[in-house]
Amino acid sequence: MKSSEAVSALSALAHDSRLAAYRLLVQAGDEGLAVGEIGERLKLPGATLTNHLNVLRYAGLVRDVREGRSIRCRADYAR
């Protein structure tokens with residue numbers, strides 16, 4: 001991992017809610033969690049959760065896939 005990528009990843013995790021979301025996804029394993037389930041567990045409003053997940057996505061820590069009408073997020077372990 002390049003230095004700039006490491007800084008981006010660590011910066012993304014430097015917020016309590018983003019760190020909590022990432023930890024949930026790591027604990028969920030390869031199956032990941034639906035965005036709604038993450039919001040319920042963390043008790044975050046939808047817009048706030050979306051913002052936090054976008055930061056994690058941009059840092060390359062989280063990837064997601066659409067499953068019907070929902071989006072399932074997974075930790076990107078390779079990153």
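Arg 57 is partly exposed, with 26% relative accessibility (partly exposed falls between buried, under 20% relative accessible area, and exposed, over 50%, using a 1.4 Å probe and protein chains only). Its salt-bridge partner is Asp 64, also partly exposed at 35%. This is a predicted model, where local features need pLDDT of at least 70, side-chain atom pairs count only at pLDDT 80 or more, and totals for chains, interfaces and linings use all residues. Residues are numbered from 1 along each chain as its sequence is written, and side-chain values use heavy atoms, leaving out hydrogens and water.

**Salt bridges overall**
- Side chains of opposite charge can pair when their charged atoms come close.
- Searching the whole structure turns up four salt bridges (a side-chain nitrogen of Lys or Arg within 4 Å of a carboxyl oxygen of Asp or Glu).
- In the Asp 64 and Arg 57 pair, the closest N and O atoms sit 2.3 Å apart.

**The pair in helix H3**
- Glu 37 bridges to Arg 41, with 2.8 Å between the closest N and O atoms.
- Both residues belong to helix H3 (residues 35-42), four residues apart, or about one turn of the helix (helices are DSSP runs of H or I, at least four residues, numbered from the N terminus).
- Glu 37 is partly exposed at 29%, and Arg 41 is partly exposed at 46%.

- Glu 67 pairs with Arg 74, their closest N and O atoms being 3.6 Å apart.
- Glu 67 is partly exposed at 36%, whereas Arg 74 is buried at 16%.
- Salt bridges with shared partners link Glu 67, Arg 72 and Arg 74 into one network.

Note on methods
Helix = DSSP H or I, 4+ residues; strand = E, 2+ residues; numbered from the N terminus.
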